[in-house]
Amino acid sequence: MTSPTGKTVLLIIGGGIAAFKCHELIRLLKTRGALVRIIMTRAAEEFVTPLTLASLSGEKVHTALFSLTDEIEMGHIELSRAADLLVVAPATADLMAKMAHGLADDLASTALLATDKRVLIAPAMNVRMWNHQATQRNLSTLKRDGITVVGPNDGEMACGEFGPGRMAEPSEILAAIIAMLQPKAQPLAGKRVLITAGPTREPIDPVRYISNHSSGKQGYALAEAAVALGAEVVLVSGPVSLPIPHGVQMLPVETARDMLKACEEELPADIAIFAAAVADWRAETAAVEKMKKGKGGTPVLTLAENPDILRTIARSSGKRPQIVVGFAAETEHVVKHATEKLAKKGCDLIVANDVSAELGVFGGDHNKVHLVSAQGVESWPDMTKADVACKLMERLALMLVPHIRAAE
Ligand code: CTP
């Protein structure tokens, strides 16, 4: 196990019986060279004393949000800004609820809302509180927000009940801290990844268009995952209402033809992933003025086929990316149709997903995908779109290695 030497951990101690385990956690962190700053909630002071914690950490312990001297020496914003990692232990049901809802009514919750650093929580509470749907709902929200969770463990609790709710042991929390502080491997450093996402919009007239339900979530999650692996990422995106992931160059487009042009201009790339739900057809001619009722009866829309962006780039000579990945949105015979698309489009991998309305993939946060390639079919379990993105990017990074070796 490597050590967090020189790193600053902001430890936020909630009010629970497990707070006493923080003594050992602080000791473990200190012996491994970490600087440990501490915030206690009001309730935590009922279980452990600021004096003990100050002696163990060798640092002033912060308790009050509106303390004039604390704010002058190191305010709540600075406390979270100066940390490499925030650790909430014990994370009580109350603290988790505050975090999930963005409440900020004391120093601990304010520091947690003010941070842009990674956060680890070690929940501890009574088993019924842990199993309560409100806590489980908050837990899902926190995980979706990117918060890492260690524990809780099963066991006999201070209240005499048995089940999940015991805070993870200090050694387990330390291992989670070390894993989070470890610089992430960046296998895609120096590599360029082109991703399409979202729907396209094909105008009928200045106020009407043809489009689809794509939310862009899977494509945006892929862009984020590629950046995390060190890639330079260009995201060619149709209209969606998602924030641009940090470190991603986003090129907004509307139509399929704009999307193709933007993609071609962004080549060469090492990997290209076509996650956009491109409208297959556009109105052959879009009216310049708004179409009015009563003029020549009901209008008939003549459609023209849009260019196939994936196929064009996968089959282009010269600038073809080393790895080309397509998506297949299907409502029936998912794997069969995806296998056909793999050949038709000329890509290396098809990520097939069932977009039948009842599964809620369009707009939802989950996806169940099948990876279809010349090597066969691999079916993944139901995962969040963020997890699908991480796993897929890691797989693509591995696939790129033989290409790199071959080029050497
Ligand atoms: N695609 C594309 N350009 C298009 C249509 C699709 O780049 N004009 C890409 C999508 O981004 C996706 C893959 O092709 O990666 C498959 O898209 P999909 O809509 O499932 O298939 P289509 O080719 O449109 O075929 P169909 O609608 O008949 O299933």
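An oxygen atom of the ligand is placed 2.7 Å from a polar backbone atom of F327, a polar contact being a pair of N or O atoms within 3.5 Å. This is a predicted model, in which local features need pLDDT of at least 70 and side-chain atom pairs count only at pLDDT 80 or more, while totals for chains, interfaces and linings use all residues. Residues are numbered from 1 along each chain as its sequence is written, and side-chain values use heavy atoms, with hydrogens and water left out.

**Ligand contacts**

- For A276, a backbone N or O atom lies 2.6 Å from an oxygen atom of the ligand, and for K341 an N or O atom in the side chain is 2.7 Å from a ligand oxygen atom.
- Of the ligand's 560 Å² of accessible area on its own, the protein covers 80%, with areas taken from the Shrake-Rupley method with a 1.4 Å probe.
- The ligand is surrounded by 14 residues, of which the closest are F274, A276, F327, K341 and K345; a residue is counted if one of its heavy atoms lies within 4 Å of the molecule.

**Ligand site**

- The ligand takes up the space of the second largest pocket, a pocket being an open set of points, on a 1 Å grid over the protein atoms alone, with protein on both sides within 12 Å along at least five of seven lines; a molecule sits in a pocket if more than half of its atoms lie within 2 Å of its grid points.
- Helix 12 (309-314), strand 17 (323-330) and helix 13 (334-345) are the elements that give two or more residues to the shell around the ligand, and strand 17 gives the most, with four residues. Helices (H or I, at least four residues) and strands (E, at least two) are DSSP runs numbered from the N terminus.

**Backbone geometry**

- Most residues other than glycine have a negative phi, and most peptide bonds are trans.
- The peptide bond from A89 to P90 is cis, with omega near -10°, and P90 belongs to strand 4 (residues 85-91).
- Another cis peptide bond runs from G151 to P152, with omega near 0°, and P152 is placed in the loop between strand 6 (148-149) and strand 7 (153-156).
- H333, a residue other than glycine, has a positive phi near 45°, and H333 is located in the loop between strand 17 and helix 13.

**Aromatic rings**

- K391 lies over the face of W380, at 4.5 Å from the ring centre, where a charge sits over a ring if NZ of Lys or CZ of Arg is within 6 Å of the ring centre and within 35 degrees of the ring normal.

Definitions and conventions:
A polar contact is a pair of N or O atoms within 3.5 Å; within protein, one must be able to donate a hydrogen and the other to accept it, and residues adjacent in sequence count only if both atoms are side-chain atoms. On a 1 Å grid over the protein atoms alone, a cavity is a set of points where a 1.4 Å probe fits but cannot get out, and a pocket is an open set with protein on both sides within 12 Å along at least five of seven lines; lining residues have an atom within 4 Å of a point.
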